[in-house]
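I open this notebook to record what I looked up in the structure shown here. The entries follow in the order in which I made them.

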Amino acid sequence: MPKPKTRTALLTGLLLAASALAGVNPPTASAAVDPVTVTVNTRAGLATVPDTALGVNHAIWDSNLGTAETSDLLRDAGVQMMRYPGGSYADIYHWKDHTAPGGYVAPGTDFDTFMAAVRRVGAQPMIIANYGTGTPAEAADWVRYANVTKGYDARYWTVGNENYGNGHYGSAWEADDHPDKSATQYARLVVEYADAMKAVDPSIKVGAVLTMPGNWPDGITAGSDLGPWNQTVLSIAGPKIDFVDVHWYPGGTAAESLTRVNHLPDAIYLLRRQLARYAGPNADRIGISFTELNVDAGRNTQPGALFLADVYSALLENGVFTAHWWNVHNGMGTVTQVAGQTDYGDFGMLSSGACAEDGSVCQPPLNTPFAPYHGLSMMKLFAKTGDQFVRAGTDEPLVTAHAVRRSNGDLAVLLVNKDPDNDHPVTIDYAGFTPSAVAPTVSTLTNGATGIATSQSGSATSRTLPAYSLTTLVLRAADASAGRPAAPGQPTASGVTDRAATITWPTATPGASPIAKYEVHRQHGAVSEQLGETATTSFTVDNLVPGSRYTVNVLARDTAGRVSWASPPLTFATGSPAASTCTVRFTANNDWGNGYIGGVDITNNGSSPIDGWTLTWAWPTGWQQVSSGWSATWEQVGTTVRVTPTADNRQIAAGGTVSAGFVGAYGGPNVLPTAFSLNGTICATG
C-alpha cells in the first residue's frame, strides 16, 4: 500500500480549511470523425453483482474516519464494503489498545468507531488481522469481541497485508517480526490464524494475501519455498481459506494505467487456474477480492475516475466479489496539472483539506469529493446488487464499454471515453435485447465536473461521448420480460479433450410456458456463436481448437419462444492431443517478474526421422514475446511464434528429441501456451 503522510503533514492537512485553486479550463475537445461501434450482447452473461461489490479503505491515521459527514458521503456514493485498519498499518496495529507502534493513530479511529461508521454507511466490514506483529490468539480475540461480544456480524477477515513485501524477495515495506519470512511460513501461520479465528466463529470467511499475476513478485521463487508466493500459499493454506486478497497499482502514465485494465480478464483467469491447481478440493468455493486499487497519474482528476469505473466493472464482471479504492482520505502529494485540472497527488477520494508546507498550494476544503468519488457514484448508478453483467465491447481502444441486465428487464450501459482530447460519437448495437422508443436515462461525468449530470434524453443507439468522460445509459426493454423462464444454473465442463467438451447445467425453472430446449452459446468478445441446442441438460461440443480458451453460456427457450437470461459463464480450456506423432515439452524457468528462461523439447514419436521441421505456437495475449533465442531460428509475428532448426539439429531421429531455448518477456499476466504444431501437426505436450 502507498505510505501515509507523516503525522505532522496529516495534522496540518486535517486542521487547515483552505479554498481550492481555481481550475484551469481544459482545451476545447474536437469530435473524432469515425463513429465507434459499441456492441452489447445480453446472450453473453458474465458474473452477477454481489452486495459487497463497491468498496473503499479506511485508515486509523484519518481523524475523519468516523465523522457523520464522511460516512454520509460514502453512503451516498453507494459504498457496500469498508476495509480497516489501513493497509500496511494492519501489520503493526493492535486492536485491543488501539495502538500501532511506529505509526500514527488519530483520535476517534478505534474499532467500535469504525463499526459505527460501517453501520451508518450501510456497508459490511473487511477487517485485516495483524500478521506482521500479531498472533493468531490476538486475531481470535478480535473475532470474539466483534461477533460474540458486540454482535457486529463481521464476516470477512484477511490475514495480513502485502506480506510478500516483508523482505523475502528483497524489498521490505511490510512489518514482519517472524524470523522466518518465507511464503511457506506465512502459509503455515494462515492455517493457525484460520483455525483460531473459526474456533470462535465458524461462520466467518478468512482470506490470504496473494500477488497480482504479471506484477512483482509474481513468478519468482525465493529461498526454499516450493514455488512462487501464490503457489506456496495456496498449496499449504488453500483448504483453510475462503478467499484470496490481491492489490493492483498498474503504474505508468494516465494513458498506460487506463490501457492496462485490459490485463484483468487474464489476471483473474490465472488466479483461478492457480486456485484450481494448488488450493485443494472444491477450490471454486474460494472467492477473490481486490482491496487496493489506484493510479500513479491523475489520482484526484479524471484519469482516476475513469480508471475506477473501468477497473471496478472489469473485476466485477469477472466474478471478483469486492473492489476497493485506496483510500478515503490520505493527504497531499506532488501537485500537477492533468488534462487542464489541478491534481494533488492524493490517494484519497475525498479531500483532506491539506496545504503544502510552504502554503503555496492548498486542497479544496475537507471532504470535497475528488473525481474518483464521482466515478464511484457512477458505479452506484450503473451496477446494482443482483444485476448480471453481460458482454460489451467496442472497435476503438480509447472507448470501453460495460453492461448489466436488471431483474426488471432494464439494461444499463457504461461507456468510458479515455481520450483526453476528442469527443467520440458512438453507435450502439444490441444482441438479445431490443430497447424501447423511450429516451434512456443518461448520466455523465465530464472532465473537471463537480458531479454527475443526469437527464432523460437522446437515443438508445447513438450519441457522442465527451472527451475524458463516463456515460451511463439506462434503457427500458421494448418487450415485456414477464413469463420468461429463469436462467439455467452454473454450467460445468467434463471430458475436456483437445477437441471436445461436455457441458452440463442444472434445469431451469419454467416461466409461463414449458421449456422447449436449451441453447449453448460461445462468447467471441461481445459476439455470441451458438454451438448447439438440446432438449436435455447436457451437450457435447465437438470441433474445438486445441490449446484454446472457451467461455460459454446456456439459455433456456420455452414453447412460446421466450428466452431466459444467460446462465452464469463457464470458462474452460482445451489442451493438446493425448497422443500424437510428436510431443513438445515447454518450460519456463528462473522467472524474474517480467521475463524468464524458456525452452522447448521436441520429441519425434514416429517410426521415421523428421528431416527439417517448423514448430509454431500462438501466445494467449498480446503482451508476450520471444526476446531472443538459441539452438534454433526464432521469429514472432503478432502473437505467433515460428521456430526453425539450425544446420546441426535439422533432423529429429525416430524416438529422438531436439531442444532449443529462448528468453521470454511479458508485460502483463503470463498465460503460457498449451498447444504446439510441428510441421502442421498438433503435438502432445509433456
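**Contacts and overall form**

I began with contacts, meaning heavy atoms within 4.5 Å: of those in the protein with a separation of 6 or more, 73% join residues 24 or more positions apart. I note that this is a predicted model, in which local features need pLDDT of at least 70, side-chain atom pairs count only at pLDDT 80 or more, and totals for chains, interfaces and linings use all residues. Residues are numbered from 1 along each chain as its sequence is written, and side-chain values use heavy atoms, with hydrogens and water left out.

I then looked up the extent: the C-alpha trace spans about 85 × 65 × 55 Å along its principal axes. I found that 57% of the 686 residues count as buried, that is, under 20% relative accessible area with a 1.4 Å probe, protein chains only.

I asked in which sense β32 and β36 pair. The pairing of β32 with β36 (residues 657-666) is antiparallel, over 6 bridges. I also located A665 in β36 as the bridge partner of Q625.

Methods. Buried < 20%, exposed > 50% of the residue type's maximum accessible area, 1.4 Å probe, protein only. Pairing = 2+ DSSP bridges. Helix = DSSP H or I, 4+ residues; strand = E, 2+ residues; numbered from the N terminus.
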